[in-house]
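Look at the chain below and follow its helices one by one. This report walks through how some of them pack together.

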Amino acid sequence: MDSPTWDLFFLLKKAHPEAVHLMMQKMKKTFYSNILKNHPDASWAWVELGALGGGISLNGQYFNQENCFKKALEEDPGNGKAWNNLGVLGGGDIFQQHFNQQACFQKALEVSECQNGKVWLNLGIVGGGRIHGFTQRDCFQKALELDSTMADAWHNLGVGGAGFSGGSAWAWKEWGKIES
């Protein structure tokens, strides 16, 4: 776009941010829809479209948000981002099996090098996981190891009785010092 077009865009964004946000969402959906029409096996594009809420029809089939994440997993069962996002939606049935939230988050951590603090946070929020016996507190600590600025992880760790002092995380009485 030329300079006057950008100027107009930024003026519109300042005056009507919600309208510009909706316009950008629609443009992104159109972009991913066009990619998927030509490359329906592009797992990453299904994830991105799902993150935008889904809402397209392709070859006569409607894809809502959940269906986008499921389609991404059908194309690439090792897509940790798709597993995480399906878990955020509450889980679902895929590969003739039901995966609840916890199972989706665990799968996200198992199938990829998904060392993403958000996935650990999500797993902690739903109660922890069977992967190496991680408790909720373990999950929140792991999230903070990966991203020490994650306020939700600090909050959830604090709700469990932990705190931060002197460069170290501390927990009340029975937990002692949390090594970082």
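Is helix 5 mostly covered or mostly open? Helix 5 is mostly covered, as seven of its nine residues are buried. Buried means under 20% relative accessible area, exposed means over 50%, and partly exposed is in between, with a 1.4 Å probe and protein chains only.

This is a predicted model, in which local features need pLDDT of at least 70 and side-chain atom pairs count only at pLDDT 80 or more, while totals for chains, interfaces and linings use all residues. Residues are numbered from 1 along each chain as its sequence is written, and side-chain values use heavy atoms, with hydrogens and water left out.

**The whole chain**

The protein chain has nine helices and seven strands. Helices (H or I, at least four residues) and strands (E, at least two) are DSSP runs, numbered from the N terminus. Of the 180 residues in the protein chain, 37% are buried. Contact means heavy atoms within 4.5 Å. Among contacts between residues at least 6 apart in sequence, 28% join residues at least 24 apart.

The largest nonpolar core has 37 residues. Such a core is a set of buried Ala, Val, Leu, Ile, Met, Phe, Trp, Tyr and Cys residues joined through side-chain atoms within 4.5 Å. Leu-36, Trp-46, Leu-49 and Trp-83 have the most contacts inside the largest core.

**Helix 3**

Leu-49 is one of the buried residues of helix 3, along with Ser-43, Ala-45, Trp-46, Val-47 and Gly-50. The cover over these buried residues includes helix 2 (17-38), strand 1 (54-58), strand 2 (61-64), helix 4 and helix 5. Leaving aside neighbours within four places in sequence, Leu-49 touches Lys-29, Tyr-32, Ser-33, Leu-36, Gly-54, Ile-56 and Cys-68. Just after helix 3 comes Gly-53, with a positive phi of about 105°.

**Helix 5**

The buried residues here are Gly-80, Ala-82, Trp-83, Asn-84, Asn-85, Leu-86 and Gly-87. Their cover includes helix 3 (43-51), helix 4 (65-75), strand 3 (92-94), strand 4, helix 6 and helix 7. At the start of helix 5, a side-chain oxygen of Asn-79 reaches to within 3.1 Å of the backbone nitrogen of Lys-81. Gly-90 follows helix 5 and has a positive phi, near 110°.

Take Asn-84, which sits in helix 5. Asn-84 is buried, with a relative accessible area of 10%. Apart from neighbours within four places in sequence, Asn-84 is in contact with Cys-104, Phe-105, Ala-108, Val-119 and Asn-122.

**Helix 6**

Helix 6 spans residues 101-111, and Cys-104, Phe-105, Gln-106, Ala-108 and Leu-109 are buried in it. These buried residues pack against helix 5 (80-88), strand 4 (97-99) and helix 7 (117-125). Asn-100 caps the N-terminal end of helix 6, with a side-chain oxygen 3.2 Å from the backbone nitrogen of Gln-102.

**Packed pairs**

Two packed helices are described by the angle between their axes and the distance between the axes. Axes are lines fitted to C-alpha atoms, for helices over the stretch in contact, and angles run from 0 to 180 degrees between N-to-C directions.

| Helix pair | Angle | Axis distance |
|---|---|---|
| Helix 5 and helix 6 | about 165° | 8 Å |
| Helix 6 and helix 7 | roughly 150° | within 9 Å |
| Helix 7 and helix 8 | about 165° | 8 Å |

How do helix 5 and helix 6 run, roughly parallel or roughly antiparallel? They are roughly antiparallel to each other. Angles under 35 degrees count as roughly parallel, over 145 as roughly antiparallel, 65 to 115 as roughly perpendicular and the rest as oblique. Helix 6 and helix 7 are also roughly antiparallel. In that pair, Gln-102, Phe-105, Gln-106, Ala-108 and Leu-109 of helix 6 meet Val-119, Trp-120, Asn-122 and Leu-123 of helix 7. Helix 7 and helix 8 (residues 136-146) are roughly antiparallel too.

Gly-128 lies in the loop between helix 7 and helix 8. Gly-128 is buried, with a relative accessible area of 1%. Leaving aside neighbours within four places in sequence, its contacts are Gln-102, Gln-106, Leu-123, Phe-134, Thr-135, Gln-136 and Cys-139. The C-alpha atoms of Gly-128 and Phe-105 are separated by 9.5 Å, and the two residues are 23 apart along the chain.

How values were computed:
A polar contact is a pair of N or O atoms within 3.5 Å; within protein, one must be able to donate a hydrogen and the other to accept it, and residues adjacent in sequence count only if both atoms are side-chain atoms.
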